[in-house]
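My plan was to go from the whole fold to single residues.

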Amino acid sequence: MIILARVFEGPNNGLAYVLAPIEDRYKVVTTKNPYEDAAALVSKGERVVVLYSLSTPTFVEVWQEIAVVARRFPVVAGGPHAMGDPLTLLRLGVKYVVVGDGEAALPAILDREEGHSDETPPNVLTVEDGVLRAGRRVFVELTQRTYSKALGVYPPIEIARSCGYRCAFCQTWMHGPVRYRPLENVAQMAKTYVGVGRREIRFIAPVGFLYQSSDGKTPNVEALVALLKTVREAGGLPYLGTFPSETRPETVTRDVLSALRSLLANKRLSFGLQTASERLLRLTKRGHDVSVVEEAVATARAFGFTPVVDVIAGLPGEEEEDVAATVRKMEKLIAMGARIRMHYYVPLPGTPLWLQEPRPPHRLYQEFVKRWRKKVEGYWEEQMALGRRILETYREIGSYLSRTTPSSTAS
């Protein structure tokens with residue numbers, strides 16, 4: 001059995017995570033042309049499974065390719081897009097859609113493809129004889145290695161999975177109960193990364209400063225200190241509270257920063273305001289008010305960090321008074337020493353706001369960005385285009401499915 005791993009431009013971190021548990025037992029071949037490469041292998045008598053790890057931006061670019069490949073070869077699709085919208089992938093012909101922890105799903109899928117089991121794999125949706133079947137839900141402990149030798153990819157080390165918050169524009173809480181990577185496992189990973197020349201150790205966590213939190217909302221300062229010391233002792237430089245382990249404003253406290261300041265390699269701290277409209281904060285279930293963001297900016301500055309505050313323009317339901325309030329607040333935060341990272345609302349499947357249209361770009365935001373260009377970063381214009389493209393793609397898929405009935409291969 002050969003696994004054809006569809007790689008894309010970029011880090012391919014999702015593939016690295018899911019391949020790590022099985023790549024010592026199966027041959028993994030990377031591909032950018034899965035149909036041609038699978039056909040060539042099958043013509044030589046090989047059995048193949050084509051693997052996709054899909055974000056929503058990736059899906060909108062390759063959905064037609066997936067439909068073509070799935071007509072002939074068994075396709076496994078996972079990643080955040082698969083978890084958010086598995087039914088569309090099944091309708092496009094994907095044989096196995098992973099809707100939970102892939103570390104449990106993929107080994108079972110491969111066992112089934114080799115004829116060792118006829119059970120529906122855990123954390124998987126599939127269609128058999130026209131009937132939707134769901135495997136049992138399994139939540140893994142975060143002890144698998146985080147890198148792929150087959151891909152040569154060493155992603156940021158995931159130290160937390162899922163989230164105790166339920167922000168309406170976010171998917172991370174869909175991963176089940178919050179779990180943390182044990183410290184001894186982090187130590188092992190850090191030593192491996194340093195050993196291959198990767199001293200800059202970054203982490204993946206929905207809320208960076210909540211590692212090993214007992215309630216999912218209160219920082220565990222002792223655990224945070226131990227985490228950073230562990231990386232330092234391995235010879236690494238730990239980056240936490242910045243991409244891709246941004247934190248929440250409530251966690252940027254004097255107790256936390258006084259304990260972590262000398263251990264962190266990063267001098268930037270990223271956390272979200274998202275909007276200065278108290279009404280929209282409630283509607284999007286952010287779980288904080290505006291004032292706590294000002295406190296976090298002041299605290300970060302007091303300890304020598306540059307605060308980077310995330311803002312999402314174009315949220316569904318945003319009105320002019322919400323925009324005006326957000327612009328005023330961003331200007332105040334800049335005056336306090338913050339930078340602003342502008343985003344534009346992107347509809348993501350599985351979130352409560354899925355398929356709700358972004359609001360049109362407001363002139364007040366555009367004027368703000370021009371006025372404060374040196375203090376504003378981010379890809380908000382690209383995200384505006386992406387949001388439109390996602391909704392257009394789903395209209396195209398609806399039209400395609402109305403005239404086509406793809407079926408996944410069972411061979």
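My entries follow, from overall shape to backbone details.

**Overall shape.** I noted at the start that this is a predicted model. I looked up the secondary structure and found 14 helices and 16 strands in the protein chain. I then checked the radius of gyration, which is 22 Å. The globule rule also gives 22 Å for 411 residues, so the chain is as compact as a globular protein of that length. Along the principal axes, the C-alpha atoms fill a box of roughly 65 × 50 × 35 Å. I also looked up burial: 56% of the 411 residues are buried.

Next I turned to strand β1, residues 2-6. How many bridges join β1 to β2? I found five, and the two strands run parallel. Strand β2 covers residues 27-31. For Ile-2, I traced the bridge partner in β2 to Lys-27.

**Asn-12.** I stayed with this unit and went to the loop between β1 and α1, where Asn-12 sits. Its phi is near 55 degrees, a positive value in a residue other than glycine. Is Asn-12 buried or exposed? Its relative accessible area is 17%. The cut-off for buried is under 20%, so Asn-12 counts as buried.

**Gln-212.** I found another positive phi at Gln-212, about 60 degrees, and this residue is not a glycine either. Gln-212 lies in the loop between β11 (200-204) and α8 (221-233).

**A cis peptide.** Which residues does the cis peptide bond join? I found Phe-243 and Pro-244, with omega at about -5 degrees. I placed Pro-244 in the loop between β12 (237-239) and α9 (254-260).

I followed up on Val-127, which lies in strand β6, residues 124-128. Its relative accessible area is 39%. Patch residues need over 30%, so Val-127 passes that cut-off while being partly exposed.

Methods:
Residues numbered from 1 in each chain as written. Predicted model: local features only at pLDDT ≥ 70, side-chain atom pairs only at ≥ 80, totals over all residues. Heavy atoms only, no water. Pairing = 2+ DSSP bridges. Helix = DSSP H or I, 4+ residues; strand = E, 2+ residues; numbered from the N terminus. Buried < 20%, exposed > 50% of the residue type's maximum accessible area, 1.4 Å probe, protein only. Rg over C-alpha atoms; globule rule 2.2 N^0.38 Å.
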